[in-house]
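Good morning, and thank you for the time on today's agenda.

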Amino acid sequence: MTLEFWQEEFETLEKKDLQQLQLERLNKTIESACRSLFYGELYSKKKIKPGVIKDISQITELPFTTKQDLRDNFPYGFLSLPKKDIIRLHSSSGTTGNPTVIFHNRHDLDSWANLMARSLFCAGVRDTDVFQNICGYGLFTGGLGFQYGIETLGALSIPAGAGNSLRQIKLMRDYGTTAAHAIPSYLGRLYEVFEAEGLDPKKDTQLKTLVIGAEPHTDAQRKRIEEMYGVRAFNSFGLSEMNGPGVAFECTHQNGLHIWEDSYLVEIIDPETLQPVPDGEYGELVMTTLDREAMPLIRYRTRDITRIIPGECECGRTHRRIDRITGRSDDMFIIKGCNVFPMQIEGVLMKIPEVGSDYMINLETMNGADEMVVEVEVKSDWFRGDIKRLDSLSKTITRQIRDEVLAKPIVKLVEAGSIPKSEGKAIRVTDNRKNGLLN
Amino acid sequence: MAYEVSIFLENKIGHFERITSVLKEAQINIRSMAINDTANGWGILNLIVNDPKKAKKALSEKGVSVALRKVIALEMRDEAGGLDDLLMEVARAEVNFDNAVGRVITETQKAILILNVDDYAESIKKLKKQGVQIIDDQTVYGTSQ
Ligand SMILES: [Zn+2]
């Protein structure tokens with residue numbers, strides 16, 4: 001096997017050297033953060049001074065930063081540099097309250113473009129590829145984030161933008177697109193357009209690599225996309241508060257996402273106790289920027305739930321891997337003492353063809369005990385009229401969900417079409433418990 | 001071979017009526033029905049109708065989970081001991097069934113027993129060997145009238 005890296009000197013750093021680099025960068029980050037209104041005030045109140053961190057594990061002594069902090073200090077409260085040095089901002093849509101806005105100076109944009117190029121290279125994209133970025137440009141980070149990364153890598157970029165499936169297909173065929181980036185749910189819809197046009201992406205395009213991300217998806221969905229397009233699909237992870245795409249990326253081993261630890265300090269905490277959890281256990285991802293000048297963020301609570309995958313990756317990169325995002329800590333509910341994320345249940349159902357992936361989770365108090373009632377649809381085309389078969393299906397689902405989340409559900413089979421179709425990140429949980437935490 | 005129409009049904013108010021109104025609209029005559037309930041809030045509704053294929057199509061179009069299942073219809077005497085005698089014959093033929101529904105056909109003064117079996121072809125063979133009378137589809141569906 002040939003080992004190939006975009007930046008071998010960073011990607012294969014020994015653990016102690018990586019930690020030394022992190023320590024230097026963290027102290028520099030704290031120093032620059034103190035120049036912002038928000039951290040300046042917070043840290044002087046808590047008597048946190050630059051250079052206070054002697055060992056990287058001391059990060060836990062610093063306070064968290066939350067999305068609410070970003071909103072409360074909108075728009076310029078987190079700026080560490082004078083406005084004249086800032087050259088770009090990206091922001092969330094902010095449908096409720098203030099938007100979340102992140103500022104960059106030239107260094108930040110170069111650093112981000114480099115991480116993005118490193119990420120794409122890690123997934124096997126090369127300068128010989130024709131890369132179609134099927135993604136909204138503008139304030140959203142997926143457009144320009146990928147754009148600069150593709151250009152830094154040196155591949156031919158097609159800034160296709162989002163939507164207009166017929167035009168996407170035409171671009172792919174006209175220019176011989178070999179790699180593309182899109183959200184997983186869009187790739188499903190695009191495939192339907194291929195079919196309607198009498199085209200088969202496996203034969204009628206030269207696609208070999210797809211980069212998918214920006215919305216939670218399961219490994220089964222990935223496999224489905226790989227089969228539909230005859231490609232390898234790589235999971236990408238990013239969030240606008242940490243620049244955008246290019247935070248963590250799968251390598252060609254497709255076994256978790258390398259999170260770039262020279263640029264981000266990574267912690268996984270229990271969202272209830274706020275204490276760190278051991279590697280391998282799920283919790284909320286907390287991140288600190290280590291290479292951002294305009295707007296450093298320290299111990300930012302991402303709300304994304306994942307875990308560190310223990311062990312080393314065969315590719316030779318020493319940066320640790322996170323697992324695919326299983327949900328948001330806001331979506332988590334506790335039943336019978338178990339922390340449950342709806343994505344875990346979706347993951348189980350995706351593997352069972354008879355029921356597909358539409359589901360509802362209703363938390364109920366029944367006879368004084370709290371129960372998790374999972375409603376799943378019996379798909380019409382799988383129905384054979386056999387009561388024994390359905391009964392055993394219902395038992396199988398019950399067992400598999402219990403094995404996954406450790407709490408035994410009450411599985412209710414319901415008629416096809418009776419559960420509202422999901423719109424990406426639709427809320428699938430209702431809490432009707434007497435002392436329910438949701439709602 | 002005769003078919004019954006099997007329908008996945010939740011035990012909820014109005015769900016049964018939804019099925020019957022679809023069938024009414026499609027001008028389907030329901031000859032007999034049986035509900036197989038489970039304790040889990042759903043069951044399977046088995047119908048013998050005059051035109052199973054048309055019934056399935058009409059229900060499928062409304063998004064109902066519906067399947068056609070082969071059934072065996074046997075003739076029995078419409079008198080005391082008729083069912084018992086017939087079941088003895090079925091047992092002697094070593095045919096296992098998991099569901100049965102009986103019905104009188106007024107126009108012929110006969111009664112029929114409808115069986116769900118796991119192995120359709122094998123069961124037919126065994127019953128024929130035992131000399132049990134198997135009723136033709138038209139009589140089951142009642143389309144001869
Ligand atoms: Zn790797």
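Let me begin with a definition: contact here means heavy atoms within 4.5 Å. What you see is a predicted model, in which local features need pLDDT of at least 70, side-chain atom pairs count only at pLDDT 80 or more, and totals for chains, interfaces and linings use all residues. Residues are numbered from 1 along each chain as its sequence is written, chains are lettered from A and ligands numbered from 1 in the order in which they are written, and side-chain values use heavy atoms, with hydrogens and water left out.

I start with V277(A). This residue sits in the loop that runs between β10 (264-269) and β11 (283-289) of chain A; helices (H or I, at least four residues) and strands (E, at least two) are DSSP runs, numbered from the N terminus. Setting aside neighbours within four places in sequence, V277(A) is in contact with I268(A), I269(A), D270(A) and Y282(A). Its C-alpha atom is separated by 8.5 Å from that of E267(A), ten residues away along the chain. Is V277(A) buried or exposed? With a relative accessible area of 17%, V277(A) is buried, a term that means under 20% relative accessible area, while exposed means over 50% and partly exposed lies in between (1.4 Å probe, protein chains only).

Next, Q132(A), which belongs to strand β3 (residues 130-133) of chain A. Q132(A) counts as buried because its relative accessible area is 0%. Which side chain does the side chain of Q132(A) meet in a polar contact of 2.8 Å? The partner is Q168(A). A polar contact is a pair of N or O atoms within 3.5 Å; within protein, one must be able to donate a hydrogen and the other to accept it, and residues adjacent in sequence count only if both atoms are side-chain atoms. A polar atom of the Q132(A) side chain also lies 3.5 Å from the backbone nitrogen of M172(A). Beyond four places in sequence, the contacts of Q132(A) include I158(A), L171(A), T177(A) and H181(A).

On cysteines, I can be brief. C313(A) is buried because its relative accessibility is 11%, and C338(A) likewise counts as buried, at 14%. Over all chains there are zero disulfides, a disulfide being a pair of cysteine sulfur atoms within 2.5 Å.

Turning to chain B, we find five helices and six strands, arranged along the sequence as β-α-β-β-α-β-α-β-β-α-α. Of its 145 residues, 45% count as buried. Among contacts in chain B between residues at least 6 apart in sequence, 65% join residues at least 24 apart.

Finally, the interface. Chain A contributes 17 residues to the contact and chain B 20 residues. Together the two chains bury about 1600 Å², 53% of it on carbon and sulfur atoms; buried area is the accessible area (1.4 Å probe) that two parts lose on being put together, summed over both. Of the area that chain A buries against chain B, 41% is supplied by F383(A), I387(A) and E415(A), more than by any other three residues.

Two salt bridges are counted between chain A and chain B, where a salt bridge is a side-chain nitrogen of Lys or Arg within 4 Å of a carboxyl oxygen of Asp or Glu. The side chains of E415(A) and R18(B) form a salt bridge at 3.4 Å, N to O. On the side of chain A that touches chain B, α12 (387-405) and β20 (410-414) each supply at least two residues, and α12(A) gives the largest share, four residues.
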